[in-house]
Amino acid sequence: MRILIILLITLLFSSSYAEDKKKSKSETGATVTSNLSVALQNGKKKAQTICSACHGMDGVAASGGNSVIVPNLTAQHKDYLKVKLLEYKSGKIQHAQMSVIAGMLSEEDIDNVSEWYSRIKIKVFDPNLVLAKPSQ
Ligand code: HEC
């Protein structure tokens with residue numbers, strides 16, 4: 001009986017260990033600098049110093065004084081973010097805030113910050129089953 005219990009506990013531990021290992025292979029803790037490429041480190045810095053006031057560090061414009069008309073950037077395609085930022089920078093799209101902000105960024109900054117926001121991992125719930133509260 002005792003052996004059986006020990007076997008069971010060992011099995012439980014080893015399966016949760018395997019689960020952890022699987023997780024760490026596909027996910028990277030963004031708070032640990034050594035986990036980040038140089039582009040991601042630079043992108044994170046730009047996000048911290050410029051973008052996060054409106055878009056949040058995680059690209060969800062929902063906290064503090066953020067307005068609900070600031071778009072979420074989280075997990076958006078990198079190329080989409082780059083195109084939009086370059087369009088604000090070139091003047092193709094005009095916006096009181098974003099045109100000024102994009103004008104301050106180099107093309108490398110744009111690439112790096114787009115890398116940051118496109119890499120934030122999200123979980124999507126089936127909209128037929130789970131509804132969030134209306135945004136405020
Ligand atoms: C002062 C607030 C503010 C700051 C700071 C700010 N943004 Fe924005 N951003 C906005 C608003 C508002 C819009 C919507 C503009 C529009 O309607 O054209 C926007 C739009 C965007 C879009 C276009 C999204 C889309 O789907 O069309 C991108 C990409 C973006 N911002 C990236 C950034 C990045 C990267 C930074 C930092 C370098 C940044 N923003 C800093 C307010 C801000």
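## Overall fold

The chain has 5 helices and 0 strands. Helices here are DSSP runs of H or I with at least four residues, strands are runs of E with at least two, and numbering starts from the N terminus. Along the sequence the pattern reads α-α-α-α-α. This is a predicted model: local features need pLDDT of at least 70, side-chain atom pairs count only at pLDDT 80 or more, and totals for chains, interfaces and linings use all residues. Residues are numbered from 1 along each chain as its sequence is written.

Of the 136 residues, 15% count as buried. Buried means that 20 or more other C-beta atoms lie within 10 Å of the residue's own; exposed means 12 or fewer, and partly exposed is in between, with C-beta atoms placed from the backbone. Among contacts in the chain with a separation of 6 or more, 56% join residues 24 or more positions apart. A contact requires C-beta atoms, placed from the backbone, that lie within 7 Å.

Helix 2 covers residues 38-55. A straight helix of its 18 residues would span 26 Å at 1.5 Å a residue, but the end C-alpha atoms of helix 2 span only 22 Å. The expected span is 1.5 Å times one less than the number of residues. Helix 2 also has a kink of about 55°, centred on Thr 49. The bend at a residue is the angle between two fitted axes, one for the seven residues ending there and one for the seven starting there.

The buried residues of helix 2 are Gly 43, Lys 44, Ala 47, Cys 51 and His 55. They pack against helix 5, residues 107-119. Gly 56 follows helix 2 and has a positive phi, near 80°.

Helix 3 has 13 residues and reaches 18 Å from its first C-alpha to its last, close to the 18 Å expected at 1.5 Å a residue. Leu 81, Leu 85 and Tyr 88 are buried in helix 3. They lie on the same side of helix 3 because they cover an arc of only 60° around the axis. The arc is that of the directions from the helix axis to the C-beta atoms.

Asp 79, Tyr 80 and Ser 90 are exposed on the other side of helix 3. The buried residues of helix 3 pack against helix 4 and helix 5. Just after helix 3, Gly 91 takes a positive phi of about 95°.

## Helix 5

Helix 5 has 13 residues, which should span 18 Å at 1.5 Å a residue; its end C-alpha atoms are 18 Å apart, in agreement. Its buried residues are Ile 110, Asn 112, Val 113, Ser 114, Trp 116 and Tyr 117. The packing partners of these buried residues are helix 2 and helix 3.

## Loop residues

Ala 75 sits in the loop between helix 2 and helix 3. Its phi is near 60°, a positive value in a residue other than glycine. Most residues other than glycine have a negative phi. Ala 75 counts as partly exposed because it has 16 C-beta neighbours inside 10 Å. Val 68 is found in the loop between helix 2 and helix 3. Val 68 is exposed, with 9 other C-beta atoms within 10 Å. The C-alpha atoms of Val 68 and His 55 are separated by 10.0 Å, and the two residues are 13 residues apart along the chain.

Leu 105 lies in the loop between helix 4 and helix 5. Leu 105 is partly exposed, with 19 other C-beta atoms within 10 Å. Leaving aside neighbours within four places in sequence, Leu 105 is in contact with Leu 85, Lys 89 and Ile 110. Leu 105 and Lys 46 are 59 residues apart along the chain, and their C-alpha atoms are separated by 9.0 Å.

How values were computed
Contact = placed C-beta atoms within 7 Å.
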